[in-house]
Amino acid sequence: MAFDVQEFKKEYQKTFEELFAYSYEDGSKTEQFIALGDLVRGRYSEDWIQTITNYNKKKEKQVYYFSMEFLPGRMLKSNLLNMGILDCVKQGMEEMGLDLDEVARAEVDPALGNGGLGRLASCFMDSIASTGLAGNGNGIRYRYGLFKQKFINGYQIELPENWLRNRNVWEVRKENKAVIVRFGGDVSFTQDGEGKLRVRHENTRDILAVPYDTAQVGYNNGIVNNLRLWSAEIPYGDEARFSTEEQREEVKRITEVLYPDDSNYEGRLLRVQQEYFFSSAGVQSIVRYFKRLNLDWSLFPDKIAIHINDTHPTLAIPELMRILLDEEGLTWDQAWEITKKTVSYTNHTILQEAMERWPETMISDLLPRIYQIIQEINRRHIDKKTPLYGEELTQRTAIIANGQIKMANLAIIGSHSVNGVAKLHTDILMADTLHDFYVMYPQKFNNKTNGITQRRWVQIANENLTAMLDETIGAEWKSDPEEIKILKAHRDNKAVLDKLEQVKLANKKRFAAYALKEMNLEIDPTALFDVQIKRLHAYKRQLLNVLHILDRYLQLKDNPKINLQKRVFIFGAKAAPSYYYAKQIIKLINAIADMINNDPALNDKIKIVFVENYGVSLAELIIPAADISEQISLAGKEASGTSNMKLMSNGAVTMATLDGANVEIRDNVGEDNIFIFGLKSDEVQEYYRNGVYNSRDIYEKNPRLKRILNLLIDGTIPGVETEARDIFDSLVMYNDEYFLLKDFDSYLQAQYEADKAFSDRDRWNRMALMNIASSGPFSSDYTILRYADEIWKIKPQN
Ligand code: GPV
C-alpha cells in the first residue's frame, strides 16, 4: 500500500476533482476530507477483498464480535497510520498547502456507543486486525449516535447527533447481503411426512436488515477485516404492506437512535427490538456463510466463534437455536451442543441496575418462537441441574423467574465461556455476583483484563511523546507494546526526564489553547492538570473530586497567601438524559466552576474546566495533557476502567482506589508511582453486609468535611439551591450509598502527597516515566490474543 509523495498528490487532486468538479483549493474542509477518505478507502480495498477471500478459501475459523456499541473515533489518521502512509500523506498535504490535522478534524466522530464498553469494542477491532486474527464486528448502524451535549446555564442539554449528515466515506452498503428479521406472528406445529414435528411461523412482521461494512485496517500487516453494522429498512416488494407513514416510521425507528444509558437497564420494547434485530441479522449471515463451506453442522464451532459483548446480544443464543432447529432440521441436542460451543460472553458490570431482565410477556409477544426456545432451554436446565445442585441453588440460576427473563443467566447457560474484565471484577463475579453459576460451571469462568490500543491512544493522540520515545528507545514498542519497558532504564536520566516534561508541557499548551478558544477560559499550562473523564455516575464519584476542590477553595479563602499547588481540574462527562441525580451533579460542577474561575481572590490557584460533549476526539486532546488521572470509583464497583490505562500510557499518574484494573496498574507500576487511597473492595462488602455505615455520624464528627458539605446548603454556591441541597441530602441524610464521606480523609491525604510529589520536578517526571514504561501490558493486542487463544481458539494469520 506504500505511496510516494508525488504519486499521492497527483491521486489526491484527481480524486478531488472527480468528486466535486473543481480544484481542492476551493473545497471546504469537509470536502477535502471526503476526497482523502475516498482515496484511502480505494487504497485498502484490494487488501480488504484479499483478506476476506483468503479466510473463505482457507476456511479459516473466524470470530464475530457482537456488540450493541462501537466507538471508533475518527478513522482517517488511524487508517493512515495502520496502512503505513501517515507521514507520506501528511507531507503531501503540506506540499499542497493543506494541513492534515485540520482536514482530519472535519471527519465526524461516530458516537455509536456510550462509553467504556463501546470504546473497548473498537480497541478490540483494531487489535484483532493488527494481530492478524480473522475477526468481524457485528452491530447496529444507528441513524443518530449518542446525543450531543451542550451546557446551557450549567445544565446539560441533549441535541440529536446527526453523524450521517455528510457522507460517511468509510462505509459500504451491501444490499446483496441483506437478510429478513421477523417479529411477532403466530407459531404452530405440524407433522411432516416422516412424522417429524415442523414449526410454522406465520403472519410475522418482516424487516429488512441491510448491512453497511467498514474496513478495520490492521497495523502494517495487509490485513483488512470487517465491521458490519445493520440498518432497518422496508423489504423490497413489500412496500404495499407498509403503506402508511406510521408503518414506515415503525421500521426505521428500530435503528434510529442509540440508547443513551450507560450501565443502566430500562425495559423498553424498542431496545429489545434493536437487540434481536442485529443479533438475528448477524447470526443469519454467519449461517449463510457457513453453509457455503459445505461442511457438516457439527463443525460449526470449529469455524465460527460468536462473542457477545455484555448481555445486549444474548438473543443470538436462542436465534442460533431457532435456525438450527426450525430451518436446518437439527435435533435439540445437536443444536444445543453447537450453540454452546460457539458462543462466549463477557460480563462488564456487577451493578444490579445494569442487569438486563425482560418482562416475559414482552418477549412472548414480540418474539413468540424465541420465547418458546428460551422456555425450553430453561426447562432443560432446571431438570438437569436440580438433582445435582438441589432446588434452591438451581432455582436461583433459572432464566425465567417472577415473570422476567434474565439475560445474564441465559448468556451463561448458553455459552462455553464467561469472562470478567479485570482480575478483581472476575473474582467478585465468581465469589459473589455469579457464585451460583460458578459452582455449576467453574470451568466456564475466566478473566480477560481489558486493554487499549496504544496506536490510537499514544501514536495518534500524542505525537510528541511518540517522537520522544522513538528517539529514546527506538520503535519496537510500536509493534510490541511490552517493549516500552526499556524506558525504565532511563528513569534517572535527567535529559530524558526533562524532555518528558517538555512533551507534557507542549500537550498542556495545546489543551490550554482549546480551553481559551472554545470556552474563553485562560489556564496556566504549568499548573497541575487533574483529569477525570468518564460517564457521570454516582459510583464513579465525580462528587468526591468536587469535595476535594471545595476543600482547596476553603483553604484559599481562609488564607489567600497559602502555599498551595496550582491546579486545573478537568472534567468531561455525559449524564444519561433520564439520570436526574447525575444531571444535578453536572449543574453543581458547572456552578462551582463559575464561582471559582471568576473569584480573583483565589489568585488562579484553582481553575475548573468542564468540557462540553466529551467523547473519543476530546479524549485524544485531554489525555496527553493530564498530570493526574482520577480513578476514584468506590472499590468493587468499576468493573475495569480503560481511561485509567490510556492516561497511564500518556504519563499521567493515577489517583486511585483499589478498584477494577487500578489494582493491576498498581501491581505493574509499583506503589511509589501511584496514589492509592480509600476502602478496599472487601471492606466495602463488609459495610454493606453489616449495615453499620453511618454517614451522618462522619459528617458530625469531621469538622473539615462538615464545613465543605455545608457549602452545599448555605447559599455559597450561586444558582444551585435545589441541586446542592439534594446532593447534600444524598450524602448526609440518605447515608451516602458510595461511601464518599468514608473515603474523604484518605483521598485528601493522597492529594496532599500528589502536590508534594509534583513540586519536585524530577520526582514527578520519573513517576510519569515509570507509568509510561509500565503501560505496555495493557495493550489490547495482548488482551485480544488471550481471547483468541483461550476462548475463541483462533490463531493469528502469517
Ligand atoms: I454493563 N461498561 C460500560 O461502559 N457500559 C455498560 O453498559 C456496561 C459496562 C463499562 C464498565 O463500566 C467499565 O468498568 C469497563 O472498563 C468497560 O465497560 C469495558 O469493559
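Into which domains is the chain divided? In this predicted model, the chain is divided into domain 1 (59-74 + 109-355 + 414-450 + 783-792) and domain 2 (481-486 + 493-778).

**Figure 1. The contact between domain 1 and domain 2.** Domain 1 contributes 37 residues to the contact, and domain 2 contributes 29 residues. On the side of domain 1 that touches domain 2, the elements giving two or more residues are α6 (116-130), β3 (148-152), β4 (155-159) and α16 (423-433). The residues of this side comprise 13 nonpolar, 15 polar and nine charged. The C-alpha centres of domain 1 and domain 2 are 35 Å apart.

**Figure 2. The residues around the ligand.** The ligand has 19 residues around it, of which Gly 116, Leu 117, His 348, Ala 639 and Ser 640 come nearest. Sorted by class, the shell holds 11 polar, five nonpolar and three charged residues. Domain 1 and domain 2 each supply at least three residues to the shell.

**Figure 3. Helix α16 and its cover.** In α16, the buried residues are Leu 424, His 425, Thr 426, Ile 428 and Leu 429. The cover over these buried residues includes the strands β16 (418-420) and β17 (445-447). It also includes the helices α26 (662-669) and α27 (681-690).

**Figure 4. Strand β20 and its parallel partner β19.** Strand β20 (residues 606-611) is mostly covered, with six of its six residues buried. One side of β20 presents Ile 606, Ile 608 and Phe 610, the other Lys 607, Val 609 and Val 611, and both faces are covered. Strand β19 (residues 567-572) pairs with β20 in the parallel sense over six bridges. Within this pairing, Val 609 in β20 has Ile 570 opposite. Together with helix α23 (residues 580-597), β19 and β20 make a right-handed β-α-β unit.

Figure 5. Leaving aside residues up to four places away in sequence, Met 770 touches Lys 488, Arg 491, Val 669 and Asn 673. The C-alpha atom of Met 770 is separated by 7.8 Å from that of Leu 487, although these two residues are 283 residues apart along the chain.

**Figure 6. The hairpin of β7 and β8.** Strand β7 (residues 186-191) and β8 run antiparallel and are joined by six bridges. Gln 191 is the residue opposite Leu 197 in β8. Five residues lie between the two strands of the hairpin, and Gly 195 in the turn has a positive phi of about 80 degrees. Strand β8 (residues 197-202) is hardly covered, as the count of buried residues among its six residues is zero.

**Figure 7. An open sheet of three strands.** The strands follow the order β13-β15-β14, and their pairing is antiparallel. The edge strands are β13 (357-359) and β14 (400-401), each of which pairs on one side only. Two bridges link β14 to strand β15 (residues 404-406) in the antiparallel sense. Ala 401 has Gln 404 in β15 as its bridge partner.

Note on methods. Residues numbered from 1 in each chain as written. Predicted model: local features only at pLDDT ≥ 70, side-chain atom pairs only at ≥ 80, totals over all residues. Near = placed C-beta within 6 Å. Nonpolar A, V, L, I, M, F, W, Y, C, P; charged D, E, K, R; others polar. Domains from an automatic or database assignment. Contact = placed C-beta atoms within 7 Å. Helix = DSSP H or I, 4+ residues; strand = E, 2+ residues; numbered from the N terminus. Buried ≥ 20, exposed ≤ 12 C-beta atoms within 10 Å, placed from the backbone. Pairing = 2+ DSSP bridges. Right-handed = clockwise from strand over helix to strand, strands pointing away.
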